[in-house]
Amino acid sequence: MQILSQIFFPSRRGNRSETLGIAASQSRLKRKYTRSSSVSSFIDRRGNLSDCAVTERRNVVVSAVEEGIPGAGVQRKRKVVEHICLVKAKEDLSEEEEKDMLDFLYTTQYQMRGIVAMSLGRICDQNPEQFTHAIFMRFQMKEDLAKFYENTFYTTVLKEHVIPYCHGFINFDYESEVEDDILPIFRKGEEFNYGVELMILVEFSQSSLGGPAEDAITSLANLTVDFPSLIVQATKGANMKMDNIEYTHGLVVRFRSVEAFKIFMGSSEYNTIWESKFMPFIRKALCVHFSVDPVGKELM
């Protein structure tokens, strides 16, 4: 069974690295576009952190509370489709070429229907798979994702502004749920203007699928809900492309700041889940993160 070590590095573009001044220590934690940071860190094979520096109504999931069944704290949920693309850029990629690639990728959301949110950034150091850049997109429905892959504007962007600058990339898509409100769906508002985007891709062993694998992903997703002071939003799901699986499950987490990211990844709660629920069943795992700053100055 192969377990890949994972490396996290934030992006270097831009010069803003904001935090919320979170003062909670790990012991009392539970009580409690683009791309800049000077902080880097490693996630080892055990998942531990060490410092190195409004659409169709058919998509709505109605809670038991709203149907008149007693229960508290249950929110309306809306289905969304998440798209992750990880790129391996050329070693000699210039800043001008990088900006051209990222700018054209970012403009795709304005050139086609169905994309409701997007972020992208540069991974500042090598990871085991040698990915250098990460792109996240959110679609309203599966049909929108299918049209996206065939859209002529997108395919032209890949042909003229991505492929010439890279030597490989992978896509990963999954269906998930978010709070049925305009800001969480579209990832708008002050909370989403900056922070850290974390992407985790995992390949579970075949024998664990449908049981321990789902339990592990769900446990980690539930843990993110317990820390609203650190995390803005998290989604998870199984790979939609069952005929071509390199990774079986994915998770995307938006942290409020670099400091929030470090606190969560270094917490005993996270490490306990990783060691007890992931490690016994995974064949490999890839984790990347990048820093997110307000869009405006450098793009377009």
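Reader: In this model, does N127 count as buried or exposed?
Author: The model is predicted, and in it N127 has a relative accessibility of 4%. Buried means under 20%. Because 4% falls under that cut-off, N127 counts as buried.

Reader: How do helices α1 and α3 run relative to each other?
Author: Helix α1 covers residues 95-111 and helix α3 covers residues 152-162. Their axes come within 10 Å and cross at roughly 175°. Angles over 145 degrees count as roughly antiparallel. The two helices are therefore roughly antiparallel.

Reader: How many residues of each class make the contact of α1 with α3?
Author: From α1 the contact uses D100, M101, F104, L105, T107, T108 and Q111. From α3 it uses F153, Y154, V157, H161 and V162. Sorted by class, these residues are seven nonpolar, four polar and one charged.

Reader: Which elements do the buried residues of α1 pack against?
Author: The buried residues of α1 include E98, M101, L102 and L105. Others among them are Y106, T107 and T108. The buried residues of this helix pack against β6 (115-122), β7 (133-139) and α3.

Reader: What distance does α1 reach from its first C-alpha to its last?
Author: Helix α1 has 17 residues. At 1.5 Å a residue, the expected span is 24 Å. The model comes close to that, with a reach of 24 Å.

Reader: How many residues of helix α6 are buried?
Author: Helix α6 runs over residues 258-265. The buried ones are V258, A260, F261, K262, I263, F264 and M265.

Reader: What separates the C-alpha atoms of K77 and S176?
Author: K77 lies in strand β5 (residues 77-89) and, at 29% relative accessibility, counts as partly exposed. K77 and S176 are 99 residues apart along the chain.

Reader: Leaving aside neighbours within four places in sequence, which residues are in contact with S205?
Author: S205 lies in the loop between β9 (195-204) and α5 (212-225). At 11% relative accessibility, S205 counts as buried. With the sequence neighbours within four places left aside, the residues in contact with S205 are F281 and R283.

Conventions
Residues are numbered from 1 along each chain as its sequence is written. This is a predicted model: local features need pLDDT of at least 70, side-chain atom pairs count only at pLDDT 80 or more; totals for chains, interfaces and linings use all residues. Side-chain values use heavy atoms; hydrogens and water are left out. Axes are lines fitted to C-alpha atoms, for helices over the stretch in contact, and angles run from 0 to 180 degrees between N-to-C directions. Helices (H or I, at least four residues) and strands (E, at least two) are DSSP runs, numbered from the N terminus. Angles under 35 degrees count as roughly parallel, over 145 as roughly antiparallel, 65 to 115 as roughly perpendicular and the rest as oblique. Contact means heavy atoms within 4.5 Å. Ala, Val, Leu, Ile, Met, Phe, Trp, Tyr, Cys and Pro count as nonpolar, Asp, Glu, Lys and Arg as charged, and the others, Gly among them, as polar. The expected span of a helix is 1.5 Å times one less than its number of residues. Buried means under 20% relative accessible area, exposed over 50%, partly exposed in between (1.4 Å probe, protein chains only).
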